[in-house]
Amino acid sequence: MHHYSKRSNFTWNRTLKELGNYSCSERVRASMAAPGSSSGLEVLLSTLQNAGDIESTLNILNVLDELLSAGTDRRITYMISKGGSEALLSALVTTARTFSPNFTILLPLLHLLAKVGHRDRRIGMKAEKAEAVLPTLTLLKQNVKHTRRTAACLWVLQVFCSSVTTATLLGQNRGLDVIFRLIPPHTTRHKRTVKAAIDALAALLCSKANVRAAVAKGYVSALLKLYEDWHNKDPDHETIPIRLALLHCLHQTTHCSAGRVALVAQGGISLLYHTTQTCLASNGLEYLVEYAVQLMRKCYPKCPLPLTSDQSVYTFPLPGRPADTAPGPQDVSFEDDSDDDIENEEADCGKEYDDDLESDVNKLRSRPEPDRPLEQLGQYVRLCPELHHDFQDLDSDSEVDSSSDEEGLLNEDFRTDGRSRVNLRDSPSHSPLEHPVSTVEGDQDGKGEPPENHLQACDFHSHFLSSSSVKQNSHPSMVDRLLEKHGACIPHHDPRMYTAAAALTKSIPEYSILAFPDFWGHLPPQSKEPMAGRKPNVQRKKVFEDIQRLLNPEDVIDEVVFDLEDPWILSQGSPDHSDSLSFFSKFECGNLRKAIHVRSHEYDLILNADANCSQHHQWFYFEVSGMAANVPYRFNIINCEKANSQFNYGMQPVLYSVREALEGRPNWVRTGTEVCYYRNSFCPSRGQKSSSFYTLTFTVTFKHNEDVCYLAYHYPYTYSALQSHLQVLQRSVDPRKLFFRQQSLCNTLAGNPCPLVTITACPSSKSWKDLHQLRNRPCVVLTARVHPGESNASWVMKGTLEFLCSSDPVAETLREAYIFKIIPMLNPDGVINGTHRCSLNGEDLNRQWMKPDPVLSPTIYHAKGFLYYLNSIGRTPLVFCDYHGHSRKKNVFLYGCSVKETVWQSGSAVNTATLKEDPGYRTIPKTLDRIAPAFSFNSCNYLVEKSREATARVVVWREMGVLRSYTMESTYNGCDQGVFKGMQTGTGELEEMGVKFCQSLLSLRRNTMLYNRRVISQPTLLNLDDNLLDHKSRNCFEDDEPPCVEEIEYLNDSFPEPNRNDLDSEVNGNTSSAEEEEDDEEEHQTTGNSRRRSMKSRLYPHLIGQETLNIKRSPCNGMNISNGQYLS
Ligand SMILES: [Zn+2]
């Protein structure tokens, strides 16, 4: 029959023709020709059910089998649609019911049924309806001594179990026992039948009732013993399919929690672990190892995080709410009888958002009523000082008196509560007097480094990094000495100013320590940093290490070495464990909650949840000290929440070494080997046990002994850094040329001012004409860092701000063309308190724009109010862009808003050709694609999703009517295109992106703007012609990521569906190859096989020989051919 499949133009009609000519009884031929019969196939099937003689039935079965073995599954599907399954079932029932069932017919019938049923999703239901299920089980019971019959029955039962109720029915009728008894310990005989039995058992275990029964009968233990036996006696790995099938059964039995418990209790983890280790060295055992690992991970006992509560350590009393009620899932049932761990895949990834697209054109087009009375907008007049400034001092030589502005600068005490931050911070244990520098001078490694390079975190905190020290006149010299000696010279950064800014920053925990990198400043490293290569099976290696904790509990130290909630550990600065690293995170943006020393060089780290919340752990920033050089330390952040991470795709965390900084390399650098991210066995301490966490693991080998280092998710950028940066910028500009004004948009919940910066060019004179030109410049509104964990957005914004304040000719041109209104940090409280996503109200501020609460989301409320105000005075922004970071994609890209593209993508019936829309929203992305190497035009889209209707981008577009309203997403990782391809992004590239965004604004003003002569000399920027830019706009929708090299999701059903062809070949083996079944008891075999052979020999020559002839001949019996099917 294998010849058939090689013949390309083999069709139904030809075979039927052969059948008609050579095989069929007169009766069949008669009915095929009968008027009114709809198709030849139906005739065959109906004959099969009614055939009286063995010969006809066998012929039909053989023809069907040969037909179905050739070509694709389309024929079988067609046969199923024509009632093929029912016909076979009916024939089975008829034959099986006879007193002594005739296996000459039954065997081929069962084989065919297995093949067809395997492709018929409803075969189980059909079998039940035809009452074929229990007769098949009875056939099995009666023929367990005949291996070929047994195998045939088992395959059919296996396919019947595609219906859970059928599987349950079989279980209720002793099916489990009957089948289980057919699985022997290791043997070299009847392997096909053994495999069939194991496969059938696995199929029966699709029913929960059967799984429970199997666990109660002790099958888990028995299956483990069987697996062990087959493993041990198979050193040459000759029975891999059987071992795999046994693992499949174990997977099935562990779908219920009792099964998982039984597997662990019976030593299953240890058995699987050790058997797997012996397989690692052999080639070709990947599947086996992979399924064993999955099984171990699935059964590994769930362990609640060692926390007193899932709630953040940081709580903030919200106005109008009782202090102890915080949002988030609380006190959910402990019960874990859910039987399976259904994952909530992230809903917003990739292509799945078609349903989410707004398809209602009217809604897309309509402009909602303002959310507040217009009278309230008067308060925002103050935020447009450039419109009311008279620039009287332009003609004189005096400096612009910046203090005339009502908002104070950083050094002025613009807070009215008068609370002294300094006193609160000055903890006695950190008094500099108690820890003179000399205590750390013991030079034990004998390398003769300067003593101040011998660092200990606690001394460091007290001497240099206490934000209170500046205000204390007794010890300013520490900072001064450090700066004098090492002379930090980072552009736009001043450590003293940073310390001063930090002293004013209000945090929930009232930070008194500065993190050194923020204080000292950061420069991008000299060399580019390529993405990290991923070693093969690194995740498996880590999982094995995790499993060893369970197997070798004596290795586990399990000692808490840092705990944000433990005042004793905190006050010591470092715990009294000389052989342990020390951790610290009680500083701005820090969010390590707990560190546990697990094994000698391994630490579990738990992140603090967002303030007033029990979720959103992803961002991290902490200090680590007390290390030995050149020793690999493994860090596991064990409560990450996202289902996947760029850490699986070449991204590394960042590290800052104080020692390196003092030696002249103040750089955050990408670091870590064996970086990977995978689901672990931890669950919330009190919440749902079925929900799970992910581990980010990485290994760091520190360069110096006793260094103080900082590790973070991404380059930190604190609120205090922003405040000092703005101050440095303000000082850097020439106030006669550049109008720079920092004001407070409003105060945050915690009382921190939210800066709003105005940047534009001063008029060239105070003449009416020049003032008029200034006041008619279009507005560009830029915002960033609404999501605190997206520190990349702040670095992009830093680039934007510095560029706009620079003397670059393009910047000058831009300032003359536009008024920039910039809110660089929309969520200061979140940033300060180290949250990842939310503000202090436990909510995502970028979902509040539709109706922001003036009390709980003041920065959004007033940012929106300010935009309303601009609208109300006829100054609707030309461009709005909110800078973000994207955790799952590479490159930098924009999301915009387009009615046309949204309606078109949503599959709406509206004819988009008739929709009129200004295509101007594409100008900036097109320009960026040309001028910004990190930018990827193909990752951009302009779709309005329902789930995003309360974001800044959509609200500003719809409610304010801003055509060019964007979210700019910058990767945390790096680029997969352009000149940065394969490189991880650094702060330099992020800042450059902020520059490029500004430069792209030139393309909007090409025709109306007076070009600065120096700009004209820059050809790249001059040729920003839209028509020229419209290149490579292939497809805007890109997959997030290709699948990870290693599966990161281990769902319960991860065992692959048995390949259809596998079952086919098994079945075929049962029919044709007598050689393997050397002791076959099948009495009819010879007859059956010879009959088959004779049949084939009769069929082949004609089919082959008359191939050409058949095509030219007129259809036989008056039937026409159409697409390989018979039509009457
Ligand atoms: Zn974001």
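Asp-356 sits in the loop that runs between β1 (303-304) and α21 (361-365), where helices (H or I, at least four residues) and strands (E, at least two) are DSSP runs numbered from the N terminus. The model is a predicted one, in which local features need pLDDT of at least 70, side-chain atom pairs count only at pLDDT 80 or more, and totals for chains, interfaces and linings use all residues. Residues are numbered from 1 along each chain as its sequence is written, and side-chain values use heavy atoms, with hydrogens and water left out.

Asp-356 is buried but has no salt bridge, and Arg-948, the nearest side chain of opposite charge, lies 5.6 Å away. Here buried means under 20% relative accessible area, exposed over 50% and partly exposed in between (1.4 Å probe, protein chains only); Lys and Arg count as positive, Asp and Glu as negative, while His and the chain ends are not counted. A salt bridge places a side-chain nitrogen of Lys or Arg within 4 Å of a carboxyl oxygen of Asp or Glu.

By this rule, the count comes to 40 salt bridges. One of them joins Lys-542 to Glu-674 (2.7 Å, N to O), linking distant parts of the chain: helix α28 (residues 538-551) holds Lys-542 and strand β11 (residues 673-679) holds Glu-674, 132 residues apart. Lys-542 is buried at a relative accessible area of 1%, and Glu-674 is buried at 18%. Both residues belong to a network of salt bridges that also includes Lys-535, Arg-599 and Arg-634.

Another salt bridge pairs Lys-798 with Glu-802 (3.0 Å, N to O). These residues are four apart in helix α33 (residues 791-804), so about one helical turn separates them, and both are buried.
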